[in-house]
Amino acid sequence: MTVIDTAPLGVANPSSPTTVHLSGEIDIFTSAALRRQLLNTLHYSTSLLILDLSQVSFCDAGGLAVLVGIQRRARSMGITLALTAPRPFMSRLLHVTGLDRGLPMVV
């Protein structure tokens with residue numbers, strides 16, 4: 001799993017979203033590291049944190065749990081978490097689990 005934070009971070013313009021590009025697999029082996037990285041990103045995020053899923057090749061239940069947990073933490077901090085560009089398998093996974101109704105998508 002690779003996480004690439006993109007601007008704005010730190011002294012960011014609060015009106016611009018923070019985007020994190022994820023790539024690779026989100027699974028039992030990568031979930032803990034991803035959780036730590038995203039929690040760290042929340043501390044420097046603007047009011048909108050976007051997770052770009054376009055390069056995610058696999059996601060298991062542990063990966064979905066990370067997304068839900070980060071969304072809850074973000075919400076408690078006044079940050080909206082949104083997803084963008086999921087591959088078809090990821091869109092189906094989010095739909096089958098019902099998470100597509102709770103995790104907003106941006107185009």
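This is a predicted model: local features need pLDDT of at least 70, side-chain atom pairs count only at pLDDT 80 or more; totals for chains, interfaces and linings use all residues.
Local features need pLDDT of at least 70 and side-chain atom pairs count only at pLDDT 80 or more, while totals for chains, interfaces and linings use all residues. Numbering runs from 1 along each chain as its sequence is written, and side-chain values use heavy atoms, with hydrogens and water left out.

**View 1. Helix α1, residues 31-42.** Helices (H or I, at least four residues) and strands (E, at least two) are DSSP runs, numbered from the N terminus. Buried here (under 20% relative accessible area, 1.4 Å probe, protein chains only) are Ser31, Leu34, Leu38, Thr41 and Leu42. They sit on the same side of α1, because their arc (directions from the helix axis to the C-beta atoms) is only 100 degrees.

**View 2. The largest nonpolar core, with 24 residues.** Such a core joins buried Ala, Val, Leu, Ile, Met, Phe, Trp, Tyr and Cys through side-chain atoms within 4.5 Å. Leu22 and Leu51 touch the most other members. Elements giving two or more residues include β2 (18-26) and α3 (88-97); α2 gives the largest share, six.

**View 3. β3 beside β4.** The two pair (at least two DSSP bridges) in the parallel sense over five bridges, with Leu48 partnering Thr80. Four of the five β4 residues are buried.

**View 4. From β4 to β5.** These strands run parallel over two bridges, and Leu83 stands opposite Met105. The β-α-β crossover through α3 is right-handed: with the strands pointing away from the viewer, the path from the first strand over the helix to the second runs clockwise.

Key
The expected span of a helix is 1.5 Å times one less than its number of residues. Buried means under 20% relative accessible area, exposed over 50%, partly exposed in between (1.4 Å probe, protein chains only).
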